[in-house]
Amino acid sequence: MTELAENISNFIWSRWMIGALIALGIFMTYATKGIQFRKFLYAIKTLKNSITNKNNENIGDISSFQSFTTALAGTVGNSNIAGVATAISIGGPGAAFWMVIIAPLGMATKFVEAFLSLKYRVQLPDGKFLGGPMLYIEKGAKAKWLGFSYALFAVLAAIGGGNLSQSNSIALVMNSQFGIPKALSGMLIALLIGSIIRKGVTNIGPITEKVVPLMTIIYMSCVIIIISINITLLPDTLMLIIKSAFNPIAPAGGFAGVAVVRTIEYGIRRGVISNEAGLGSAGIAHSAAKAKDPYHQGLIAMIGVFIDTIVICFGTAIVVVITGVWSNGQISTALVASAFDTVIPFGGSIVAVCSMLFGFTTMTTWSYYGEQTLRYIIKGNTIVPIFRILWCLLAYIGAIYGAKLIWDISDILVGLVALPNIIGLCLLYNKIKVINDS
């Protein structure tokens with residue numbers, strides 16, 4: 001079973017998927033006239049304004065900034081730590097280069113996804129809002145079957161990538177760093193996640209608004225400290241990352257050659273899985289915003305890709321390479337922990353806590369994605385309480401189950417989510433290219 005899942009995962013995330021996501025990013029960049037470059041500073045200003053403006057006069061479930069932090073919570077997960085380290089351990093330092101290269105294309109895609117999600121959202125009988133790729137595909141592209149396919153895949157991806165794999169990572173790191181039994185971690189995760197998601201996004205939004213900025217600041221402060229102490233090595237580190245992007249080095253083997261295409265594949269794969277551009281999932285969170293203007297919400301959304309990939313993922317990559325641990329044979333969170341340990345006392349424990357927070361906030365957001373796409377499928381709210389209970393039970397199961405199989409299944413499900421979204425956005429091209437700047 002494990003080997004089969006690995007083979008399917010490798011097929012889904014092989015060159016054809018990577019090529020499709022790159023093509024989509026180029027397509028969206030052209031359609032929006034390079035909005036990620038033209039409006040980057042304005043997008044930063046718009047995000048800053050959203051922090052103080054709660055948009056209480058507008059219709060929606062949560063504030064514009066809370067929708068941003070909820071979406072960011074979904075992307076800033078263990079892929080930023082374990083995923084980056086795994087990409088470098090397999091594809092070499094050059095994988096970090098390709099993560100950064102794909103990010104600007106993802107910013108254009110994320111802008112479009114958030115814009116369309118807000119534009120085509122609907123208000124449900126209970127007053128809550130529902131939006132995301134399933135609706136802009138159905139209403140905008142007039143492809144209801146494709147929208148249904150997206151929703152179905154998204155529910156499964158939420159369970160696999162947003163729950164089981166995250167819970168598994170939290171339990172593993174708490175066991176390795178603090179000796180906490182996985183079963184105990186699983187029970188604590190299930191209880192805590194249940195207390196947060198029981199009221200849906202109106203409870204999740206205010207929590208992510210506080211936790212996401214805090215955990216990002218803590219993690220990046222440590223990254224900056226490590227880079228500052230090794231600042232004389234930074235030029236050589238950056239040069240190594242750039243050179244090995246085109247002339248790869250295999251970490252485990254010292255200097256055994258690795259195919260360039262493998263480095264590109266792992267870099268882009270981890271970058272996309274981390275920032276979710278092309279998956280459309282963040283649009284579900286942004287569609288809940290108290291915002292009238294899809295354009296400005298789209299600008300806010302695209303900054304999430306910048307923070308997730310260019311700031312956090314690349315920061316992790318630099319730390320792993322600059323400390324020299326990238327070739328020590330370790331993988332995943334253990335590799336990042338060893339990098340932190342070289343400079344910061346109890347650095348491994350800090351990584352463990354950050355990994356726990358990253359994974360936990362991802363679980364809260366993806367629970368919302370799961371219940372929203374399930375609402376779309378079932379056409380009602382009766383299933384939501386059952387789904388939330390099931391979510392907590394699966395969090396416990398993910399904590400005690402084998403890691404490799406869970407992560408492979410997670411990658412498969414996340415890949416399946418991208419397919420209907422890519423097709424849907426292409427069908428909507430004529431509507432996207434007439435988006436007006438405002």
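How many of the 10 residues of helix 16 (residues 332–341) are buried? In this predicted model, the count is seven, and helix 16 is mostly covered. The buried residues are Thr333, Leu335, Val336, Ala337, Ser338, Ala339 and Phe340.

Setting aside neighbours within four places in sequence, tyrosine 219 is in contact with Asn80, Ile81, Ile312, Thr316, Val336, Phe340, Cys354 and Phe358.

| Helix pair | Angle | Distance between axes |
|---|---|---|
| Helix 2 (residues 15–31) and helix 7 (residues 94–119) | about 65° | 8 Å |
| Helix 10 (residues 182–197) and helix 17 (residues 347–378) | about 45° | 10 Å |

With an angle of about 45°, helix 10 is oblique to helix 17. The crossing of helix 10 and helix 17 is right-handed. On the helix 10 side, the contact is made by Ile189, Leu192, Ile193, Ile196 and Ile197, which meet Phe360, Met363, Thr364 and Ser367 of helix 17. Sorted by type, the residues of this contact are seven nonpolar, two polar and no charged.

Helix 2 and helix 7, in turn, have a left-handed crossing. Here Ile22, Leu24, Gly25, Ile26, Met28 and Thr29 from helix 2 meet Ile102, Leu105, Ala108, Thr109 and Val112 from helix 7. The residues of this contact comprise eight nonpolar, three polar and no charged.

Now let us visit helix 8 (residues 133–140), where leucine 135 has its place. Is leucine 135 buried or exposed? Its relative accessibility is 4%, so leucine 135 counts as buried. Leaving out residues up to four places away in sequence, leucine 135 touches Tyr120, Val122, Leu130, Gly140 and Tyr376. For a sense of scale, leucine 135 lies 110 residues from glycine 25 in sequence, and their C-alpha atoms are 21 Å apart in space.

Seven of the eight residues of helix 8 are buried, so helix 8 is largely enclosed by the rest of the structure. The buried ones are Pro133, Met134, Leu135, Tyr136, Ile137, Glu138 and Gly140. Just after helix 8 comes lysine 142, with a positive phi of about 60°.

**A buried histidine**

Our last stop is histidine 286, which is found in helix 14 (residues 282–286). Why does histidine 286 count as buried? Histidine 286 counts as buried because its relative accessibility is 2%, and buried means under 20%. Not counting residues up to four places away in sequence, histidine 286 touches Ser67, Phe68, Ala71, Ala114, Leu118, Gln297, Ile300 and Ala301.

Definitions and conventions: Residues are numbered from 1 along each chain as its sequence is written. This is a predicted model: local features need pLDDT of at least 70, side-chain atom pairs count only at pLDDT 80 or more; totals for chains, interfaces and linings use all residues. Side-chain values use heavy atoms; hydrogens and water are left out. Axes are lines fitted to C-alpha atoms, for helices over the stretch in contact, and angles run from 0 to 180 degrees between N-to-C directions. Helices (H or I, at least four residues) and strands (E, at least two) are DSSP runs, numbered from the N terminus. A crossing is left-handed if the near helix is turned anticlockwise from the far one by less than a right angle, and right-handed if clockwise. Contact means heavy atoms within 4.5 Å. Ala, Val, Leu, Ile, Met, Phe, Trp, Tyr, Cys and Pro count as nonpolar, Asp, Glu, Lys and Arg as charged, and the others, Gly among them, as polar. Angles under 35 degrees count as roughly parallel, over 145 as roughly antiparallel, 65 to 115 as roughly perpendicular and the rest as oblique. Buried means under 20% relative accessible area, exposed over 50%, partly exposed in between (1.4 Å probe, protein chains only).
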